[in-house]
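Below is a briefing on a two-chain model, written for a reader who will check it against coordinates.

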Amino acid sequence: MLEILIKSAVLIGGIMTAAAYFVLLERRMAAWVQDRIGPSRVGAPLSLLGLKDLRLWGLGQPAADGLKMIMKEEYTPSHVDRRLYVVAPIVILAAAIATYAVIPFGSLLPPMEIGGEKVGPIQLTVAPGVDVGIIYVFALSSIAVYGVILGGWASNNKYSFLGGLRSSAQLIAYELPLGLGILGVVLASGSLNLERIMAAQAAQGWYAILQPLGFVVFVVAAFAEAARLPFDLPECEQELIGGYHTEYAGMKLLLFLVAEFLHMITASFLIVILFLGGWHFPLITGEADATIISWPVALARLLVLHGKIFLVIVFFMWVRWSWPRFRFDQLMNLAWKIMLPLGIVNFVAVAVLEEIRHSYGPDESTWAWSLGIIAASWVVFAAAWLLTSVANPLVTDNRPRRDLAPLEVDSPL
Amino acid sequence: MKADDPNIKWIEEPKLGLAGKMYLPLVAQGLTTTWKHLSKSLRGETVTVSYPDEEPKIGNPLIYRGVHRLNKDEAGRVKCVACFLCATACPAHCIDIIADESPWSDREKYPQSFTIDELRCIYCGMCEEACPVDAIELTSLYNLTGRSREEMIFDKEKLLSVYDATKEQEPMQSPALGGTAT
């Protein structure tokens, strides 16, 4: 019990602090990409004590941002549905945090002695050994849609409602490719348990290499699920004023924004755990199925896992400034006409390759067989990608059709 | 206007090549562009500066349009001949000149008072263009601040002192730049 409490405290404190500092990193990255310097001033305000202020490269910025949000007037418009209006940010943040119950934030800690009592080995998951891990994560990430649509509905504002509808359509559409991307992983690892999926990758190889198609489908869908650019349709100043949280201010807005950031961190965790090997790195992270590991190995695993997650998040932020965002019809086309077929192709390919390996492969996996399987999956990836590109359903022509009866555009009535 | 009106010029969307349809080359292209900017910024070559700590670099101070100054000639007299061309050219009507008979023999008039309302000024530089004797010029002082409106109305003494403060860095415009400075 105590162990679980400590773990959840460490985890919630950790991800909240991480989210705050990732906001700072995001702002700095945005500035760098745009040839600016970015927030670099807020540090320790020692001038309150009569000393010189410390800048600390802007590391005090998250505190200032949070303080600003808390001090702001928490204005509730009179036309909102008050109960749902209050519930929406709570739902979305609670769902975002609850996801972390089954997500491993490390591997194991070796046994240790605390106050004369033998403890351990401690598994670094709040609820270790949940055999429906991925399904739980998916269930909760679907609840995030409720937060969005409740926020849009409760605001009682046409634009917020449009934003809520639009983002719920997006989130639901991309849940399918997300699930299909995972199916291949589940099939190959034979488990829904996230810890066991990581261990399977340590034995078989990273699924990003073994199932490139699934990896791409999953990453694209994860971007869309986290509502990150180029898929940030839920918010759009030009079209929707703000999006589903237009009518929110102060702490409630902060909850929405934090939840959005947590979705991105969750997506990075899932990408790393499901496809990039989790804590596994060749040579330095020890035996995959060892139940007791030494301290250096435990620390190496922690560092590897969090280093990978950090890199994936940096990639998220880097992508944000690289590509133009999609129009809504393009977004839907991408989901239903490209990602869904690709996901199905990936699932079938993984199933067929697994079956071939089980039926005809040697009992002990050999290099030739592993390389053959990898090559086959990359061939499938290239072929499927080429096929969808040539079929090219992304090109849409929205102009009025000239072959139909000529339209009177501005005829006097 | 109908959709098939001959005056409408229909432009076909450029066809995407295979690389464009594959999308991945474009993805890489986008990432390289942002990466170039990112790494440039990380090397410290940003466009913006950390302002109060670091002054921005002004490209050519001679043609920057900042606070005005009234130039002096070799004898230390104000160059202005109170011809009112600058006040006439000024679109913001911020120049106010009171002319008087000149005490010197080489010109007829001189400004008894010459005030510029720096708050009304839009820093367009038309006064500088209009001046026939290069008496009024805009300096590269860009961070002008004051605590009251009265303080921001610059009189002749103040404008002449701006000249004294900036004549070293920004000599009067040379004939090469269209000026008549000697």
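Strand β3 (residues 109-117) of chain B is joined to β5(B) by 2 bridges, and the two run antiparallel. Strands here are DSSP runs of E with at least two residues, helices are runs of H or I with at least four, and both are numbered from the N terminus. Two strands count as paired if DSSP finds at least two bridges between them.

This is a predicted model: local features need pLDDT of at least 70, side-chain atom pairs count only at pLDDT 80 or more, and totals for chains, interfaces and linings use all residues. Residues are numbered from 1 along each chain as its sequence is written, while chains are lettered from A and ligands numbered from 1 in the order in which they are written.

**Sheet and helix α5 of chain B**

- I116(B) has F154(B), in β5(B), as its bridge partner.
- Helix α5 (residues 156-166) of chain B packs on the sheet and touches β3 and β5 of chain B. Its direction makes about 85 degrees with that of β3(B); axes are lines fitted to C-alpha atoms, for helices over the stretch in contact, and angles run from 0 to 180 degrees between N-to-C directions.
- The open sheet has 3 strands in the order β2-β3-β5 (chain B), with antiparallel pairing.
- Its edge strands, each pairing on one side only, are β2 (95-101) and β5 (153-154) of chain B.
- Strands of a sheet pair through backbone hydrogen bonds, either parallel or antiparallel.

**Residue L159(B)**

- L159(B) is located in helix α5 of chain B.
- L159(B) counts as buried because it has 24 C-beta neighbours inside 10 Å. The classes are buried for 20 or more other C-beta atoms within 10 Å of a residue's own, exposed for 12 or fewer, and partly exposed in between, with C-beta atoms placed from the backbone.
- Apart from neighbours within four places in sequence, L159(B) is in contact with H68(B), R69(B), L70(B), F114(B), I116(B) and F154(B). Contact means that the C-beta atoms of two residues, placed from the backbone, lie within 7 Å.
- V67(B) is 92 residues from L159(B) in sequence, and their C-alpha atoms are 8.9 Å apart.

**Chain B as a whole**

- Chain B contains 5 helices and 5 strands, arranged along the sequence as α-α-β-α-β-β-α-β-β-α.
- Helix α2 (residues 24-42) of chain B has 19 residues and spans 26 Å from first to last C-alpha, close to the 27 Å expected. The expected span is 1.5 Å times one less than the number of residues.
- Domain 1 (15-47) and domain 2 (68-177) of chain B come from an automatic or database domain assignment. Their C-alpha centres lie 49 Å apart.
- The radius of gyration of chain B is 26 Å, whereas a compact globule of 182 residues would have one near 16 Å. The radius is taken over C-alpha atoms, and the globule rule is 2.2 Å times the number of residues to the power 0.38.
- Buried residues are 16% of the 182 in chain B.

**Chain A**

- Chain A has 13 helices and 4 strands.
- The radius of gyration of chain A is 24 Å, close to the 22 Å from the globule rule for 413 residues, so chain A is as compact as a globular protein of that length.
- Buried residues are 40% of the 413 in chain A.
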